[in-house]
Amino acid sequence: MIPIKTDEEIEIQRQSSLLVGKTLAEVAKLIKPGVTTRELDQVAETFIRDHGAKPGFKGYGGFPATLCISVNDEVVHGIPGDRVLKDGDIASIDCGTFMNGFYGDSAYTFPVGEVNEETQKLLERTKESLYLAIEQAVAGKRIGDIGNAVQKYCEGFGYSVVRDLVGHGVGRKLHEKPEVPNYGRRGSGAKLKSGMVLAIEPMINLGRKEVAQDADGWTIRTADSKPSAHFEHNVAVRNGKADILSTFEYIEEVLDIR
Ligand code: MG
Ligand code: MG
């Protein structure tokens with residue numbers, strides 16, 4: 001069964017999802033060549049706890065940190081540590097919060113200094129594909145409509161869609177039903193109903209779709225070592241138009257883009 005949330009529950013969850021966006025904005029202020037991924041993680045953990053919430057990922061399945069920071073060819077689940085960000089890197093930063101019984105889970109891929117044009121385009125188009133997917137998150141559509149929107153758009157640029165990792169329902173648990181793949185056939189899969197809350201999160205590779213896991217048991221990276229981008233929102237399915245619970249607004253104020 002796919003959980004259906006009441007309007008009241010969705011408003012509580014919205015606070016958790018918004019806190020992720022605010023946390024990522026605090027992190028965004030520090031992203032520049034020379035910063036370590038551990039420094040970013042510590043700022044995020046302090047900010048989340050200062051707002052009465054808990055980091056959603058720390059301890060989840062044994063994950064050791066508040067943020068997943070995945071640099072360049074790392075797709076997701078990178079562990080913060082001594083790594084120093086360099087000019088031209090990209091860093092996918094995924095953050096979870098838990099507050100008042102509900103999780104927020106959102107991710108943004110940041111350029112570090114000046115990135116090359118090919119990589120910058122990958123970031124922009126991956127984010128665009130997220131919003132195309134969100135347009136499909138309305139009652140009466142199906143899970144396959146979401147994945148198809150991402151796949152069609154991104155493959156049109158010659159990019160590939162990661163198959164081994166997918167989006168998910170999110171609420172009282174970090175990962176709930178249904179799985180939300182970033183590929184699929186239109187009109188296939190579970191039917192969407194108002195009150196479902198989905199974490200939609202395209203993971204798009206510049207090169208081939210294959211990925212592999214590092215010996216640390218967490219980090220997923222592209223098999224061909226080309227860069228990968230990742231953007232994630234929490235979205236409540238509604239009649240007529242999806243309701244985005246998380247936000248990039250605070251992040252993009254810091255980055256001075258819209
Ligand atoms: Mg996430
Ligand atoms: Mg997620």
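A salt bridge is counted here wherever a side-chain nitrogen of Lys or Arg lies within 4 Å of a carboxyl oxygen of Asp or Glu. The model is predicted, with local features needing pLDDT of at least 70 and side-chain atom pairs counting only at pLDDT 80 or more, while totals for chains, interfaces and linings use all residues. Residues are numbered from 1 along each chain as its sequence is written, chains are lettered from A and ligands numbered from 1 in the order in which they are written, and side-chain values use heavy atoms, with hydrogens and water left out.

**First stop: a salt bridge**

Select Lys5 and Glu176, which form a salt bridge whose closest N and O atoms are 2.7 Å apart. Lys5 lies in the segment before helix 1 (7–28) and Glu176 in strand 8 (residues 176–180), so the pair ties together parts that are 171 residues apart in sequence; helices (H or I, at least four residues) and strands (E, at least two) are DSSP runs, numbered from the N terminus. Lys5 is buried at a relative accessible area of 7%, and Glu176 is buried too, at 11%, where buried means under 20% relative accessible area, exposed over 50%, and partly exposed in between, with a 1.4 Å probe and protein chains only.

**Second stop: Asp73 and Arg221**

Next select Asp73 and Arg221, a salt bridge with its closest N and O atoms 3.2 Å apart. Asp73 sits in the loop between strand 2 (67–71) and strand 3 (74–76), and Arg221 in strand 12 (residues 220–222), so this pair ties together parts 148 residues apart in sequence. Asp73 is buried, at 12%, whereas Arg221 is partly exposed, at 23%.

Now select the magnesium ion (ligand 1), which is coordinated at 2.0 to 2.3 Å by Asp94 (OD), Asp94 (OD), Asp105 (OD) and Glu232 (OE); donors are N, O and S atoms within 2.8 Å of the metal (3.2 Å for Na, K and Ca), and sites may look incomplete because water is not among the atoms. Asp94 lies in strand 4 (residues 90–99) and Glu232 in the loop between strand 13 (228–230) and strand 14 (233–236), so the two tie together parts 138 residues apart in sequence.

Finish on Glu201, which counts as buried at 7% relative accessibility, and on Glu232, buried at 0%.
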